[in-house]
Amino acid sequence: MANTIVVTQPYVPAYRVPLFNEIESRLSVHGLTLEVHSAAPDGAQSMRGDAATGTWHRRLNSRSLHVMKRQVSLRSVETERSQIALLVSELEALNTFAWVHSFRDQPLVLWGHGKGYVNHTGELADRLEWALARRASHVMTYAPSGRDFLVQNGRIPAEKVTAIGNSTDTTTLRAATERLRQAAPSQGIDNLRAIYIGGLDASKRIDFMLEAFTEAQRIEPAFALTIVGRGADEAKVRSLAKRFPNLDYIPEARGERLAEIAHGCRAVWVPGRVGLVAVDALALGIPVHTTSFDFHAPEIEFLHTDELHILGPSAAEYANASLELMRGSNMPPLRADIPTIARVAENFTAVVLDTLERS
């Protein structure tokens, strides 16, 4: 009897490991085995240095072709088809692996944004994605807006689409944050410090952030910025950090270490794409300062009004507005209703079990 749940991913970043660990544990209770098949990261993703693995990880066979200026990946898994109970694959128009599987008699669950948050997809790509979604047994999106877009624009039956959420390990971050605040509750009240967390590449507008930092230094020399992350623009960050003692660069930090670094910070600076850093910010209880960027990821919708500030549009205006906000005494309270790995894993597992039962 087939009992393997196969998940395909472009690559497995470190923040995904706790989620897949939790999913593996929950599926095992039902006699199911998890396999996550992925290739190695390429391009800008490979420069983030966050590829990770787990007991559930398998190498995905993949090669790329360029078709009409688009890259198409031809992929295969080594797991015998007879052992696959259900496939979870990316909701993407050119996911050839999912297209092939959609013509088989095995259940297919698609997982993705649901609409083009982070790039201009175009009408043709949207229609192809909707056609693939109609062929699937079920579709999972990160946010309700992605689900609504598929239902309203793609005419996907509402009962076939579930918003399961998205999260990093907020439980560890929140526990460490609460402990640090209890130990030093007054730290940071007069501190003009911000933190950046994430990849260092074009989508995050690193050049803009570094320009804003120099503007903030001109306005207020006491302002300090800590940058946590790696990526294609890492050299630019290192270079500026050598010139300014108030610019701290830390290539990698997660969990309790990240909470310690962020303790006392008054803002999370992300002038470019706001993605899962929104979840980290909620766990840390620090507001996000960003810009009206066209390609914010769906996780930005998790933030409430007092947790998100759209500043700019210029780097000077961004810096000045951010400093004014940080000088204020009000910080958002630590919300209890933040995304968690456990909740996302629970929703993911529920979709898998329900789809298997209906199939």
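Me: At what angle do the axes of α1 and α12 cross, and within what distance do they come?
Reply: Helix α1 (residues 17-28) and helix α12 (residues 341-358) cross at roughly 45 degrees, and their axes come within 9 Å. That makes α1 oblique to α12, because angles under 35 degrees count as roughly parallel, over 145 as roughly antiparallel, 65 to 115 as roughly perpendicular and the rest as oblique. Axes are lines fitted to C-alpha atoms, for helices over the stretch in contact, with angles running from 0 to 180 degrees between N-to-C directions. Helices are DSSP runs (H or I, at least four residues), numbered from the N terminus.

Me: What is the basis of the model and the numbering?
Reply: This is a predicted model, in which local features need pLDDT of at least 70 and side-chain atom pairs count only at pLDDT 80 or more, while totals for chains, interfaces and linings use all residues. Residues are numbered from 1 along each chain as its sequence is written, and side-chain values use heavy atoms, with hydrogens and water left out.

Me: Is the α1 and α12 crossing left-handed or right-handed?
Reply: The crossing of α1 and α12 is right-handed, meaning that the near helix is turned clockwise from the far one by less than a right angle.

Me: Which residues meet there?
Reply: From α1, P18, L19, E22, I23, R26 and L27 meet I341, A342, V344, A345, E346, F348, T349 and V352 of α12; contact means heavy atoms within 4.5 Å. By class, this contact has 10 nonpolar, one polar and three charged residues. Ala, Val, Leu, Ile, Met, Phe, Trp, Tyr, Cys and Pro count as nonpolar, Asp, Glu, Lys and Arg as charged, and the others, Gly among them, as polar.

Me: How do α7 and α11 cross?
Reply: The axes of helix α7 (residues 206-219) and helix α11 (residues 315-327) cross at roughly 60 degrees and come within 8 Å. The two helices are therefore oblique to each other, and α7 passes α11 in a right-handed crossing.

Me: What classes of residue make that contact?
Reply: The contact of α7 with α11 has nine nonpolar, one polar and three charged residues.

Me: Next, α6 and α10: what is their angle?
Reply: Helix α6 (residues 170-183) and helix α10 (residues 277-284) pack at about 35 degrees, with their axes 8 Å apart. The contact has five nonpolar, two polar and three charged residues.

Me: Which residues line the largest cavity?
Reply: The lining is A281, L282, G285, I286, P287, L303, E307, P332, P333, L334 and R335. A cavity is a set of points on a 1 Å grid over the protein atoms alone where a 1.4 Å probe fits but cannot get out, and lining residues have an atom within 4 Å of a point.

Terms used: On a 1 Å grid over the protein atoms alone, a cavity is a set of points where a 1.4 Å probe fits but cannot get out, and a pocket is an open set with protein on both sides within 12 Å along at least five of seven lines; lining residues have an atom within 4 Å of a point.
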